[in-house]
Amino acid sequence: MGLPHIGRPTRPGRPSRLRRPGRPARRTAGGAAAGRGALTALVAALALVTGCQQQGGEGRHPSASSPRPTGTATTTGRPTPTTPRPTTTAPRPPASPTGLSAAPRTIPSVRDYTPQAGPGWRPGSGSRVVADPRGPLADEAALTARELGLRVSAGPARRGDLELALNPRQSGGGEAYVLTVRDGRARITGSADAGVFYGTRTVRQALRSGGRLPQGVIRDRPDRPQRGLNLDIARKYFPASWIEARLREMADLKLNQLGLHFSDDQAFRIQSSSHPEIVAPRHLTKREVRRIVSLARSLHITVIPEIDSPGHLGAVIRAHPSLQLRTGKGLAFRGAVDISNPAAARIVDDLMREFAPLFPGPYWHLGGDEYGALMSRNPEATYPALATAARLAYGPRGRIQDLATAWLNARAAVARELGKRPKAWNDGFYSGGVVAPDRGIEVEYWTGRESGARPPIEYLREGRTVVNLNDEYLYYVLGQPNNFRYPTGERIYEQWSPAVLRGTRPVPDATLTGPSRVPGARFAVWCDIPDAQTPAQVAHGIRLPLAALAQRLWDPGKPPLSWKEFTALSDRLTS
């Protein structure tokens, strides 16, 4: 999955001599002139082959055994392995019909490229990454320098360098960047550090896929602001190192969110001081979580925590059986707490307050899906105690859905108190009740399978923001239960778009599905049958779907490559 760090291609052999050794060339006046002309042509050709190196450099890369350059590049805290520089064996970018270089091959593809005549840029023996080593781009510079085997310099930039700079007046938003290649150097600018970082991802991929950055100007930006992966670590334990590897691969795809579902019926997977009794034996320590979050922040990825409630709380109920929801006949619905019991709310709020500082990003996911009482055909008849509590709280028209909505609204209020913007699954929003769902909770639309599930357009017409997690395309459910099938990157690449929120058809009103209303999507891994795949198999299985999702969220147009070309490019970038 994603884009592991660039490996060093094999070093080319020494070019053949122009003449055989031991046989001197016959020299005449005309022959000398011709020789000078040939030499001039040869120098020009070599300049095109070897690229623009720093003045005084020899145009050769160090061997695989050469020591890594030292300097300020080693002083940052980004725990990312070094990526050696590409060598002159890498192919050049394909030429356009005009004779100018084509856009670099990257995933996602760049959105706008203006070609110019010239040799382009690639790192040479004296190249540097130029940025203020104590400024806001110090981390971006150090990471890129490590990946390319260069050193960081405060500048000024010179021929052969890659320069990173902020330009607060640059348009396009904080994730946009401009990458300019001319005069033997490359320069990335953005209005914020995220945009500059994404520019470095383009540099990295372009060197891997084509050997150099083509001459010209790239202007690039994402179409959707939320782009990511949702990971269920509650049903299946994933080591911190595995999660960190996914973060690095996500960053190379310019994905910016990791949803972490760490509480469910099967287990609660993060160390807790407020309720240690609910934590599974195999879990992430808070130290490990801090390390994951720190790496994510350095890669411009937000980690979104999710404690799903009032359903999916089996791990809590095992330690606190008095919170279990039961039917009028005394039957238990797995994972569902009795929302009329204030003790259930207190435990969830305790956990939210404990974990909010651990996840400093702007979002908190409340869950809200598949609450057992409301999955019954006749909730009021099946759960008479809840029905009575609803009428006592909201009058004769009060129903169980009003209790559930009030629960969701109360957790949203806690999230805001903690400085978070709340999210919840679409089947946690009910219409027509006495209590209306909080207007500020962001809808994460995953399914139309549940009984009574409303179509996406209803949420959009209510003025809500809706994030796309369409289970038809974006749900990777281990073991493929309940008619789920492992999604393919090809289907996402060729059939899906952010407007396809449910099933296979886009929302009919295109005016409701722009970036401000459907801000993006996440690909979701759910571990319903946890032993169906190993972590390595999961990583392999989601690689191409994530790459396809990254393409469709970055560029709203038709993908420029066929699926066969796209998979070949992905293989090249991940080999």
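Gln 205, Arg 208 and Ser 209 of helix H3 meet Leu 569, Arg 572 and Leu 573 of helix H15, where contact means heavy atoms within 4.5 Å. By class, the residues of this contact divide into two nonpolar, two polar and two charged, with Ala, Val, Leu, Ile, Met, Phe, Trp, Tyr, Cys and Pro counted as nonpolar, Asp, Glu, Lys and Arg as charged, and the others, Gly among them, as polar. This is a predicted model, in which local features need pLDDT of at least 70 and side-chain atom pairs count only at pLDDT 80 or more, while totals for chains, interfaces and linings use all residues. Residues are numbered from 1 along each chain as its sequence is written, and side-chain values use heavy atoms, with hydrogens and water left out.

## Helix packing

Two packed helices are described by the angle between their axes and the distance between the axes. Here the axes are lines fitted to C-alpha atoms, for helices over the stretch in contact, and the angles run from 0 to 180 degrees between N-to-C directions. Helices (H or I, at least four residues) and strands (E, at least two) are DSSP runs, numbered from the N terminus.

| Helix pair | Residues | Angle between axes | Axis distance |
|---|---|---|---|
| H3 and H15 | H3 193–210, H15 563–574 | about 105° | 9 Å |
| H2 and H3 | H2 138–148 | about 10° | 10 Å |
| H7 and H10 | H7 342–355, H10 400–417 | roughly 25° | within 10 Å |

Because of its angle, H3 is roughly perpendicular to H15, whereas H2 is roughly parallel to H3; angles under 35 degrees count as roughly parallel, over 145 as roughly antiparallel, 65 to 115 as roughly perpendicular and the rest as oblique. Between H2 and H3, the residues Glu 140, Leu 143, Thr 144, Glu 147 and Leu 148 of H2 meet Asp 193, Phe 197, Thr 200, Arg 201, Val 203, Arg 204 and Leu 207 of H3. This contact has five nonpolar, two polar and five charged residues.

The axes of H7 and H10 cross at roughly 25°, which means that H7 is roughly parallel to H10. Their crossing is right-handed, a term used if the near helix is turned clockwise from the far one by less than a right angle. In H7, Ala 344, Ala 345, Val 348, Asp 349, Met 352 and Arg 353 meet Trp 407, Arg 411, Val 414, Ala 415 and Glu 417 of H10, and the residues of this contact divide into seven nonpolar, no polar and four charged.

The lining divides into nine nonpolar, seven polar and 10 charged residues, and its largest share, three residues, comes from strand E12.

Glu 370 has a positive phi of about 50° although it is not a glycine, and this residue is found in the loop between strand E13 and helix H8. A cis peptide bond joins Ser 309 and Pro 310, with omega about 5°.
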